[in-house]
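Q: Please take a close look at one local part of the fold, then follow the side-chain contacts and backbone angles elsewhere. Give the cut-offs for each term as you go.

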Amino acid sequence: MAESSFEQVSTPWLTPFYQQLQQTYQQGRFAHGLLFTGSAGIGKYKLAQQLAQYLLCTNKQHDDACFECHSCKLFSVHNHLDYHFLVAEKNKSIGIDQVRLLTEKLNERPQLGNNKVVLIKGAEQLTEAAANALLKTLEEPQGDSYLILLARTHHQLMPTLLSRLQQTHLHSPDDQTLINWLYELGYQVSDLGVLRWFQNSPLALLNHLKALQQDASLDTRRQCVEGVFNMLYQPQQLFSFSRLLANDAEQNLLLLFHLLHDIHKLKLNTEQLNQDAIYYFALPQLQLWQAQLSFKSLRVLSQEILKTRSLLTEHNALKKELLISALLIKIKNEFKETHYVS
Ligand SMILES: [Zn+2]
């Protein structure tokens, strides 16, 4: 997920904690090593950046950075000499050499203001040697340097490193807060199932809704409708559909999940669907299907998709296809006898 594209988005569920951090700083009780944990898309990175800008700002306001001083301006164009950012590349660890480069910077005097900040995203990727190098920095903290680590959970971090960090787990906002927040950004979400899919992770949800709006997934949605259609009337097609879904299963199962949701909406809403519905383009087909699926079936199948999705993470490609095939058979079986004439 390109979290940098969320720079302009407000994250009100994190505001109380951000303010608390500033108070701690103002009271001179700020820790040199911080760890923020929480699921992907909760806003860890955004919070850390806000905090870094605040720490570096040379004209701090009572509840935020000033956004006007030289330091703030350099920070906003990603060109601050006292701010150092390290992120793990996909599926790679963060090694000791990368960490050493940073810790050397922490030992230098700040170039601009009074503080220096190092931010490490994906701290679970730190190798043991790299974590030890960080530990050394934290054991002899320089008065003006701050280290912020981000990770989904603390479980993969070395206990010795953890013991030197002040850890805060960031929680997802509740349903209503999240729905209101999305509404203000122009997205109407009525389905709690979609919130659960993303574990109420706001930025992950927003990313998904944006992508849907931009029609990035229209081809895949068409393939979903086609795939369901084919497997209903030509059973042997089920396996090619499952192969298709297994390729980027996470995203494709979500689109299948949406398909059931739109059928559900149609069923509730006397066969009407808003034009901004995700599967509006397939309205005539969905009108036929809603008559063939009971409310109970739709509920059960939504649960089945969620269940399959949670199983997928642990399996290889072949096993994924089998799991998805099993799911598709369940979906197919929930459709009532059709009077469709080919
Ligand atoms: Zn400033």
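**A strand-helix-strand unit and its surroundings**

A: Strand β2, helix α4 (residues 96-107) and strand β3 make up a β-α-β unit that is right-handed. Right-handed here means that, with the strands pointing away from the viewer, the path from the first strand over the helix to the second runs clockwise. Helices (H or I, at least four residues) and strands (E, at least two) are DSSP runs, numbered from the N terminus. The model is predicted, with local features requiring pLDDT of at least 70 and side-chain atom pairs pLDDT 80 or more, while totals for chains, interfaces and linings use all residues. Residues are numbered from 1 along each chain as its sequence is written, and side-chain values use heavy atoms, with hydrogens and water left out.

The two strands of the unit, β2 (residues 83-87) and β3 (residues 116-121), are parallel and share 5 bridges; strands pair if DSSP finds at least two bridges between them. Across this pairing, Leu-86 is opposite Ile-120 of β3.

The whole structure contains 12 aromatic pairs. One of them is Tyr-25 with Tyr-146, edge-to-face at 6.3 Å centre to centre and 65 degrees between the planes. Tyr-25 belongs to helix α1 (residues 15-26) and Tyr-146 to strand β4 (residues 145-151), so the contact ties together parts 121 residues apart in sequence. Trp-289 and Phe-335 also pair edge-to-face, at 6.0 Å centre to centre with 80 degrees between the planes. That pair links distant parts of the chain, with Trp-289 in helix α13 (residues 283-292) and Phe-335 in the segment after α15, 46 residues apart. Trp-289 and Phe-335 are both buried. The rings counted are those of Phe, Tyr and Trp (its six-membered ring), with centres within 6.5 Å; planes under 30 degrees apart are stacked, over 60 edge-to-face and the rest tilted. Tyr-25 and Tyr-146 also belong to one aromatic cluster with Phe-30 and Tyr-54. Tyr-146 is buried at 7% relative accessibility.

There are 8 salt bridges in the whole structure, each a side-chain nitrogen of Lys or Arg within 4 Å of a carboxyl oxygen of Asp or Glu. Among them, Arg-243 meets Glu-321 at 3.4 Å, N to O. Arg-243 is in helix α11 (residues 238-246) and Glu-321 in helix α15 (residues 317-334), so parts 78 residues apart in sequence are tied together. Arg-243 is partly exposed at 48% relative accessibility, as is Glu-321 at 22%.

In the salt bridge of Glu-250 with Arg-309, the closest N and O atoms are 2.7 Å apart. Glu-250 sits in helix α12 (residues 249-268) and Arg-309 in helix α14 (residues 295-312), so this pair ties together parts 59 residues apart in sequence. Glu-250 is partly exposed at 38%, whereas Arg-309 is buried at 18%.

Glu-304 is buried at 13% relative accessible area, and Lys-330 is partly exposed at 40%. Lys-307 joins Glu-304 and Lys-330 in a network of salt bridges.

Two backbone angles remain. Gln-199 is not a glycine, yet has a positive phi of about 50 degrees; it is in the loop between α8 (192-197) and α9 (202-213) and is exposed at 56%. Asp-248, also not a glycine, has a positive phi of about 70 degrees. Asp-248 is in the loop between α11 and α12 and is partly exposed at 47%.

Key:
Buried < 20%, exposed > 50% of the residue type's maximum accessible area, 1.4 Å probe, protein only.
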